[in-house]
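Me: I am new to this structure and would like to go through its chain interfaces. Could you take me through them step by step?

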Amino acid sequence: MPPIALLAPIALPVAAAAVAAATSRLGERVARLVAAAGAWAALVALAVLWLTVRSTQELSLGPLGFGAGLDLRLDGIGVVFGIIALVPAALLLTLQQRGWQECTVASLAIAAVVLAIESGNMVLTAIGGCTAATLAVVQFDIEDVRAVRPSWASVMIPWIALAWAGVTLQVEAGTAAYAAVPVSALTTQIFALIAIAALLGAGIVPWRGWAVRIWMRPSLRAASVTAATLLPLGLYLLVRAYELGNGRYPQLWLNLALAAWGVLVALGAAVRAQAASTRSEYVAETVPGLAGFALMSIAIGTAVGLFAGLVLLASAALLTSALPLLPDRRSPAALFVVAAAAGVPPGLAFGGRVLGLADAFETGNAFGVVAIAGAATWLVAAAAAARSVGLPAGRRRQATDALALVAAVLGVMVLAAGPAVAALASITSDAIAGVMTLPAAGLAPDPLSIITVSTRLPAVALFGPLLILGAAAVALSRPGPATTAAQSKAPLFDVPGAAAAMSLRDRVSSWTVPEQYRSLFDPVALERVAAGGRPALWLASLIALAIAVSR
Amino acid sequence: MTQLLSSAAGDTLSLLVYPGLLTIAVFGLAIEVAWSAVARQAIGRPNLRWRRPPTVQVIVALLAMLAVTQFAAPFNAVPTADRNLVIAAIAIGFTAWAELALDPELVARPGLLLIIQSCWLLSVLGPAIEPESLRPQVLGNALVPALLPVKVASGFLYLLCLPALMRLWPMSPPAERRARPRFNATRTMLWFPYCGLFTTLFFPPSADDLAGAVRFFGISIIAALLCVLAGTLLARRGAERARGLYTRAVAPYSLLVLALIVVTLTLTR
Amino acid sequence: MPRLAFASGAALGVAGLVAVVLSRADLTSNQLGITLSLSPASRAILIAASAALAILVALPPPRAERSTLLRWGLGGLAGMTAMAAAPSLGLVVMILLLLVVLQASGVGRRSYANRFRAPALAVGLLALAIALAAMQGPPLLTRLVVVCLVAGLAAALGVLPYIHEFDPDETTAASPIPWLAFLGPIVAVVVVGKAGEMVEGAEDAFGALLIGLGLINIVVATLASWRTSSDAQAWRYSFVADWGLALCGFGLVLPDGVGAALLVLYSILLGRLPLYLWSRQSLREKAQADRPINFIVAAALAGSAPFAGFPARILLLRAATAMYWPLALVLALSFLLWLPGSLRLGRTMGAPAGRQLIGVAVALGISVVFGLFPRPLLGLAGL
Amino acid sequence: MTEVAAFVAWLGAAVIVLADSRRGLAAGLAILAVAAAAMAWSQGEQGGAIVLLAGGVLAAALRFTIGPDGWGLMQPGSTPRLLFTIIAALVALWVALAVTSGPSAGIRFAALTVLVLLGGRLLQAAEPAVMLTAIAGIALVLGFVSGDGIASYSLAALITAGVSAMPAPAPPHPRGT
């Protein structure tokens, strides 16, 4: 496979965008099909590129002019994240009704995300990420300019931070190429910039950030594609940071801080979810909650933790494509998807969470406390999920039965994929070995079980029979009454001090400059003075400049 | 392939028979009958006609089966290396929420239940921090003097939480219209998971022989009876006192246990 | 006859452009008894300015006559080329003086004094800098030269604190926009390029002053572009904000900084200026729109990837990090200030159609190409 | 000779500062041109001196024909301008003699005082003829400070004459692109 083929996963969505725009007169259906075909083609190209060689492939097309070259590099971890980002994106482009403009912009955003993932250096990743974030904002505004969307600044900050980290590496180490940066160059300051980029780029924050608010829009077309592409891209940076640091972060406390942040994010999502007044409010918290657990697992700094994070990201990817397809009414589809997101055994999300928590316990020190908090958070999320079943829909989106069926199938896939977790581990262990050293016994010596430090997870032997027994038993069981208890509408608990914090926030936001001082801060008057072309001001400025340089 | 089939057969046996479904049912039935007698509940005439079981009971049973396979019970066919405390704790924790999801009318005060469940989770997982192991038998075996205070404090917290988690407190769910609650089939399936986990975590594992089995189930039954006793006392004190106990005593005590865990962690480093 | 005049003017302009393109960088000529030479950076800016003029003449904004655009553009280009080729700052200032007088002689809505005063002040300050540089004296004298040079440059461009008075309804040719967006880039490149020997011993002060003014312009102009009441004013402030970046780049002295400054100047000439002219009609009609094209224009104006502003910002961050990292932090934060104003400017494009839509697409296409691959532009400038 | 020329240059610039009409402005420009030519001559640039004088005189002649009628010298309200001419001269003298050093203090004084006076006039004036005269004076000074030999003198002369030939600006235009 010639190295130039590395351009294919980027070029195909771009070409699809161009064709979608060119065929706009033929109707939206054509544009939708073209865009979906482009995303699927990119996915196939990525898979073919990897499967034909099964080792890292590189392509260098020379310097671009700003200190970074057009260096593409496809390694195992790139393929894993590419698949995690492309599968839901392709599904959504296939299943959701979109106008040609949305199809075009979404395809370009997908190409930008693949560029960021395939990029061989950090600066190019920043360009790809910034492009994807900008196009996400454009998608939101095309879809509904009045609906809530992430502020442009909030999606730009992370990529400017990453660009700064990249150029700092260039200045201090002479290169920002992932494969060439010396281990000593990854200082705490540079890692902090990468972490800021990762957390804000994916919207992984404990408060109700943009990653939550986008799910509350009237339409979920742009939200779902954005969540499907930007969430993995953010966490991808933290995984690449392991490669830069030869399998570890500059300081152990950084791992601990990130893991704690991940639990805080999941806890924030769970606390908000248990107080949600509608099912759509609950749904908005599911993907960020999973992202918090994924962050916690990835931050532990072991191969098992990283694998657990990947499993949770894969679950989040499938659920991201299922959530916007759910109907408003209470249905088995909603039940399956909610159960899968909550981590009901023996689902994929269950396996990922168990592995992540187990790994945190086995890492020891304060990670154990983080793991206890994580486990408690998991139960809060489970309680919120249980409560959500009885909540009113809370939105006016109607999904067809066919889409509901697809959502149900995706939910069942996540629930039924638990036994396959060991097989996934043996498939991805080579990719994980590319960024950190595997344990001596390996991650998954066979596709049946996963070895952690103190235990072994017999995925197939335990989850397999449980799945079969469970499916048979549930099929034979008698559903309970579909009643909604009044209590299920009330929050399970109130966060202490939340009301006080809200009132303080309202008070602070209501502060204004006293009337008698307003003239001092009148921007219009200041502008009039500055732009009035007054010689007196010019002379005063000249004197000020003279004083400034003479000191 | 042979290895897969043999281990799958062993795990299936554990799920369905011992220490799985059959054991859960027998143990639970015995303790539930005892509780009904103590609480003067009507057991009701056994209905021998086959009826499809409610989904909520099926789900709770499946979760309980998964949990008990992780116990350090004698003759457990699941290899010791394959047992994981997190799986047991989360599977048991999920049972309450399966009820809330599938039959919300059965769950009283879910908010308070969540707080108590968090305290219980601390008592289950707290002792696992310092040993850095999730093998239940390893935690049961941990008798290092430095770790004993955490273990004892966690065990006591576990017992304090048990009556509420088993719904032996005097708080009737919304659907309950009767003065005297009836035999609770869902709870029947939770007696062994909760009590067996207590035995697994806080007592050295029993040998794989008859004496060991007697010891294991004996301790579990004592734990269950202690729970029944506490439930009776709570029932006498009334709902408000019970809620007061859990919000004003158990929750702060769990924070104390957490502090103890952190102090132990710091001192042993 | 007008067609013939137009064609001949266009042909002469093209011939001039071909001559500039073919002229090897740093080629010197003594044929007129005076040494003429074209630095690579000046040559690159001249080519960019010519390209901008070609785009505007080919796709003129509504209500704009090609002949008028060509007349003003070629006149400006002639002066710019003369400044670029002039051997000393003295001659450059004299040519600048001529351009000031010629621009002020045009028909405008502001009073003659208001149109003339600020650029004339620039000429006076630059002349004073030359006179002081010719004297020997204490180090303070060199610092005064620095002040006069920087203040003169700021006054010529019309950036803070020497911002020119602006009338939204004035014709672009008579407004301060040509100084900001057409003549300004070459004036800056030439003045900064020739300032070297004049500020010997006070290079630090020269750089610091440029960076200081740059930061002030970035902060004030980005906020003003967002909050000001008039949309046309907002456009003017957006040019000033871009100049803030360019001044910071020139002040950082390092090749990366200069490269960043040149990229900003290219994006002003080939992006912001044409977009501003194509938005004039909707500015007059106060027609705003929220179409995809408006958001993409906003992204391009905000310097977001993949448009040309982003690599300029990356180079600027690199130079600032190499020199003094807190400056990079300030710059990184300031980059966010472009966003709200750019969204507003994007909306003022209205709903471009026909020629205007083609023009916007061309400008965006150029911005994307140089945003992803700016090397040819930087190579053209010898970087 | 340079010192005398410098004094004459100041005189010319002062006249431009104090005059509001075409005759006074033309006189000031002519005096300034003579001084600039004398200074070029003193530097051994005879050709340049002649060119500069020609350009300056032509500019003065053109200014004599364009602009408000009369001399307009020291009209009521011009006292601050008078003080400005004296103070600027004193400061320039101090800088030229005490602060700076070099071959010719006269040229330093002339350049500084003329640039400051005419720069001030540019900022203060509103009448096009006055502003164009001031900028023409600055062009003359640039001619002898830029130091590019005959080229700078010729260009300065051309610009001085060209600027003075500019007609009165057209009235404001309504709207446009």
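Me: How many salt bridges are there across the interface of chain A and chain B?

Reply: The rule finds one salt bridge across the interface of chain A and chain B. A salt bridge here is a side-chain nitrogen of Lys or Arg within 4 Å of a carboxyl oxygen of Asp or Glu.

Me: Which side chains meet in that salt bridge?

Reply: They are those of Asp82(B) and Arg456(A), at 2.8 Å from N to O. Please note that this is a predicted model, where local features need pLDDT of at least 70, side-chain atom pairs count only at pLDDT 80 or more, and totals for chains, interfaces and linings use all residues. Side-chain values use heavy atoms, without hydrogens and water, residues are numbered from 1 along each chain as its sequence is written, and chains are lettered from A and ligands numbered from 1 in the order in which they are written.

Me: What area is buried between chain A and chain B?

Reply: About 4900 Å² is buried, and carbon and sulfur atoms give 72% of it. Buried area is the accessible area (1.4 Å probe) that two parts lose on being put together, summed over both. The contact (heavy atoms within 4.5 Å) takes 55 residues from chain A and 55 residues from chain B.

Me: Now to chains C and D. How many residues are in contact there?

Reply: On chain C there are 44 residues in contact with 40 residues of chain D. The two chains bury about 3600 Å² between them, with 75% of it on carbon and sulfur atoms.

Me: How many salt bridges and polar contacts are counted between them?

Reply: Between chain C and chain D the count is zero salt bridges, and four residue pairs are in polar contact, both at pLDDT 80 or more.

How values were computed: A polar contact is a pair of N or O atoms within 3.5 Å; within protein, one must be able to donate a hydrogen and the other to accept it, and residues adjacent in sequence count only if both atoms are side-chain atoms.
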